[in-house]
Amino acid sequence: MGETGNRSIFWPAKWCLLFSLIRGVSFLAVAEEPELWSLQSVNVSAVPEIPGEWPLSEIDHFIASKWRDKGVEPVGDASPEILVRRLYFNLTGLPPTLKQISDFSETGLEGTLDQLLASPRFGEKWARHWLDLARYAESNGADRNVVFAHAWRYRNWVIDAFNSDLPYNQFIQEQIAGDLLPGAGDSQLVATGFLTLGPKSFQETNREKFLMDMVDEQIDVMSRSILGLTIACSRCHDHKFDPIPQADYYALAGILLSSKTLHGPGPLYFQNHQHNQPVLAIGSEKEKLDPGVQKWRGEIYGKTVKAMTLRSAAYKIKRTVTGSLREGGLKKPEEDPALLKMHNESEAMYAEAKELLDQRETMMKEVPAKPGYAMVMQESGKPEDCHLRERGVHNEHGEKVPRGRLTIPGMPSLDEIGGGSGRRELADWLVSEKNPLTARVMVNRIWYHLFGSGLVRTVDNFGVTGDEPTHPELLDYLAEKFVEDDQWSVKKLIRRIVLSRTWQLAGSGESKVGQELDPGNTLYWRANLRRLDVEAFHDAVLAVSGKLDLNPPLKGSLLADTFLGNEYGKPSVDRVNVRAEMKSFAHRAVYLPVVRNEIPDLYKQFDFPDANTTSGARGARTIPSQALFLMNDEFIEGCSKAAGEMVLTQGFMDDGSALDWAALQTEGRPFSSEIKRGLETYLKEQRSHLIGKGKSAEEAELESWTDVFQVLFSGVGFRFLE
Amino acid sequence: MNDTDFPETPRRDFLQSTASGFGYLALAGLLGESSAKAASGDANSPFAPKRPHFPARAKRVIFLCMKGGPSHLDMFDYKPKLQADDGKSLGSNEKIKMLGSLWNFKQHGQDGMWFSELVPNLAGSADDICMLHGMQTENPEHAQALDFLHTGSFQFVRPSMGSWAVYGLGTENRDLPGFVTINPPHVLGGAKYYGSSFLPAAFQGTPVGEYQKNLKDAQLSNMSHPRLSRDEQRKRLDLLQTLNRGKAARLPENQSEVEAVIESFELGFRMQKALPAVMDISGEDPRTLGLYGIGQSASDSFGRQCLLARRMAESGVRFIQLNDGDWDHHGGLAGNMPKACGRIDKPIAGLIQDLKQRGLFDDTLIVWGGEFGRTPDDGTRDGRGHNAKGFTMFMAGGGVKRGFKYGATDEYGREAVEGKIHIHDLHATILHLLGLDHEALTYKWAGRDFRLTDVHGNVAKEVLA
């Protein structure tokens, strides 16, 4: 995590000493049992006995045994209308339609659950959770926000992987070493995009430093998302808290440095820093089409570089002329033949540059047929162990650390690395059944998404500074089932959890001492009230207003065609304008391009994660600028109007029946009679108020209904899930 | 601030416990509305004013950011030797020649502070300014140096200075954001310069206006409804609040969460009035406008920024950043410097004077500067290159010495040699003046404690009043 140098203000010497002692002790005990709970092997205990009919699944036994210990009793079961809404949002990120609500009584929870697991909407919802962890973005952010025009293929790969229920162990293996797996095809290559998508300092002039920073980012994302460990903290020194020696960091760094990260070209102006990489041609026609594209790109690139070089040289001459004029007390270059010559020379260079750029513009319109391209990992062909870097400083080389020599206690050792980088062995190690972390971390993430809080609250940190599990036996039970019985099937795990009675509890109700003893609901005696993720909110508003387009965008991403490549002199996002298109985007939110540091207002307001870093938990802050957005933004206004128009075209016989319809559309159940009365009164008064202001009856009708939908979209009943 | 008003909860504990999502953000707006609510509301709101680590010398900061890297050699750092060696080539490359300043310098104020003729109004404020000649930063590239200036890091995305300040101190006006950045650039680091990174998002800066556009045309987003009047909107909001209160009653276990939503709408509704009201300068005295150079084409735009800064300072905004660009003078120095200085000279002097006459200067810290300075030599004799090793910034107001110059560069102004202040030290000093210990203002994220100053930074005690 950065070159922090050799002095630590956070940790005075005596603390460092104490931690070293603790670590020393834990090392002595390594072979037996690591001290850190998460590194101890998964321990399957007997399912606690819970008499009676309450439990529906073994999960319920684990949950109920804690209640029994504490004397807590749960609330009752959720009503069907709450359950159907909970199920649809949790499985697909979309609200149930009126038909789906009415079908639920017949199909039941289990039947509907199976339908939803098979729906393509499932992958679109669950992929987004992984994309948060993969710090997925379609631009670099950092110092130069170059566009990753092909990143969307990785996004689609993740969606497909969740839809096809690619076993989680393979899911990880393909992302780390898809290119090295037997029978690897384009899909496996695209999967390795995971490691390529990080923000990079393209302006860094030192190549070695650039590489060490890139690898650091890869280690950080990989270790926190898959293992819940902050291994990148060991870049400069042994980990301050967790038993991760500094050498282990460089054992991993060597593997990644022995690979090539094909992230595509950096910005044009920094060509000389050697940070350019190609992207890989894929698809059946790659051999046929790629050479033509490369030739075309090469010519455009050549013209661009030449034009830029000319302009830069011309500018320098021009500056010299201006400087000389000032010093000589002259006004115009014409007054001095030498200066005039220089002046003319620079003008000619500018003209030549312009000619080249005009030619380039023409060429850019004559795009040859293109194959697909992808950001991928490849072998460097020159595998090499990495020197430990003293204090993390990129050019202070210490001892070489053999690639893959990992010594974290409790973890298996890596298979011997043959002639390759070691990525293949690393991928196997990450999903080894002897690895106590990978399954635990993923099971906990899925639990978190289904309940709104993890069994381990710190979903990304299973280290010493993270929280311990509230239900360690349940966590291990689920990890064991996930790996052994369900063969790493995410769908089966979700199914297992959703069918528990715990998941089906109401959000509120009579409970013996629940609220007194456990107001934070760590014992899951009721369902948490959860705000919809911004994607679900976006999609639901569009769905209710009849505007949602469930097809993925045709060209992969709004940014896919906008950019031919960064070498054409349009290197960064601020030079193109996709903001307008992003505003009218009516596909599901998962398909909206994520542009680092340029997140649209809706997403910023509602806690879309920082795509610069991996993050497994969404914030749920409540701040006034959200209220301002909901009250005034044109997205909400436009969708409210569209929903209002739907009411008018349906020709309800009175406000009451129209409101009944609106209630099901937005909240999935009827309004209370008091709320309904309030809405009816508002409609009545607003109509006459608007007519009094001179509006026509039709205008008054539509505007009043627009207001009602704005209120419904802003309300807790729509934006929160019980 | 009254120390007894604040709970003893350590700041980090408070955030850790509230970040779990339970009652995360009952807003500052709760304060004062009912005493029972206020007690819990205060403890839960990240915006509520917080007690500093030690008595603060400044309650707020106005940071005047000059993007591009202004030339200290043509404004504040007079170098007779550079003037004398003008045109000489002193290094191994004979094309690189010394370029003396094109402008005359004079000493001003009791401490004999040097100012060039480009900044006559600032020269008039010499006795209010604490000039820092020994500034240094890490990297002479714009993107890195700007990241560094704003966040103390250029390798990673880190919280910005303003976010740290609001995280540490909260805000004093419940109707306004605690950190505002006016006309922020959207290029290079863009939103990173006012981002909260891993700090809770509540601490991010609120951008107002657009980069290099005159503030008089600035539109605040979502501050008014396209169709409804304020009364109509109030009526519609009442309907929403009825719905939400119904929900709160039905979900007693989640009452505080729903109430936070209700309160956030009330605060938003108030902000709609408060923020445009702060931005509306139509009631300002014409003499005040003149003081800031508003109405004069050269200084109108930045003058409006400075006036708005004063209005926000008066209204209790904690951290106000103003942004000016076009200081990257590789060429056309002779024409560009007078233009750039003309934009900011009168407005900043006006700001100092106006803050003084309103009694705000004593507890408002002004910080002026860019991401780096310029080189004394260049191949073209028409401009200057980037210089990270030595440049000038200045502070004025709350807690710093007045009419005081500190630090020095070498005889050509190339490198700081005395009284060096690294950007980490600048950050430490700003936090110190706000009453915050830069080593204690930490936030735990990804398994370790982070600070604005990472593991560096020393308070520049010599400049403290």
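**Briefing: chains A and B**

Four bridges join strand E1 (residues 259-262) of chain A to strand E4 (residues 376-379) of chain A, and the two strands run antiparallel. The model is predicted. Chain A has an average pLDDT of 90, with 93% of the residues scoring at least 70. Over residues 1-30 of chain A, however, the pLDDT is below 50, although this stretch has 34 contacts in the model beyond near neighbours in sequence. Where pLDDT is low, the predicted coordinates should not be read in detail.

**Strand pair in chain A**

**Helix H11 of chain A**

- Helix H11 of chain A covers residues 286-328, 43 residues in total.
- From the first C-alpha to the last, H11(A) reaches 61 Å, close to the 63 Å expected at 1.5 Å a residue.

**Leu437 of chain A**

- Leu437(A) lies in the loop between helix H13 (423-430) and helix H14 (438-451) of chain A.
- Leu437(A) counts as buried because 21 other C-beta atoms lie within 10 Å, and the cut-off for a buried residue is 20 or more.
- Beyond its neighbours within four places in sequence, Leu437(A) is in contact with Ser38(A), Leu227(A), Gly228(A), Leu229(A) and Phe462(A).
- Pro267(A) is 170 residues from Leu437(A) along the chain, and their C-alpha atoms are separated by 39 Å.

**Nonpolar core**

- The largest nonpolar core has 298 residues, of which Val61(B) and Cys130(B) touch the most other members.
- Setting aside neighbours within four places in sequence, the contacts of Val61(B) are Ala165(B), Phe319(B), Ile320(B), Leu365(B), Val367(B), Ile430(B) and Leu434(B).
- In soluble globular proteins, nonpolar side chains tend to be buried together.

**Contact between chains A and B**

- Chain B gives 65 residues to the contact and chain A gives 66 residues.
- On the side of chain B that touches chain A, at least two residues come from each of helix H5 (142-151), helix H7 (230-250), helix H8 (255-279) and strand E19 (448-450) of chain B.
- By residue class, that side of chain B divides into 28 nonpolar, 24 polar and 13 charged residues.

Methods. Residues are numbered from 1 along each chain as its sequence is written. Chains are lettered from A and ligands numbered from 1 in the order in which they are written. This is a predicted model: local features need pLDDT of at least 70, side-chain atom pairs count only at pLDDT 80 or more; totals for chains, interfaces and linings use all residues. The expected span of a helix is 1.5 Å times one less than its number of residues. A residue is buried if 20 or more other C-beta atoms lie within 10 Å of its own, exposed if 12 or fewer, and partly exposed in between; C-beta atoms are placed from the backbone. Two residues are in contact if their C-beta atoms, placed from the backbone, lie within 7 Å. A nonpolar core is a set of buried Ala, Val, Leu, Ile, Met, Phe, Trp, Tyr and Cys residues joined through C-beta atoms within 7 Å. Two strands pair if DSSP finds at least two bridges between them. Ala, Val, Leu, Ile, Met, Phe, Trp, Tyr, Cys and Pro count as nonpolar, Asp, Glu, Lys and Arg as charged, and the others, Gly among them, as polar. pLDDT is the predictor's confidence in each residue, from 0 to 100.
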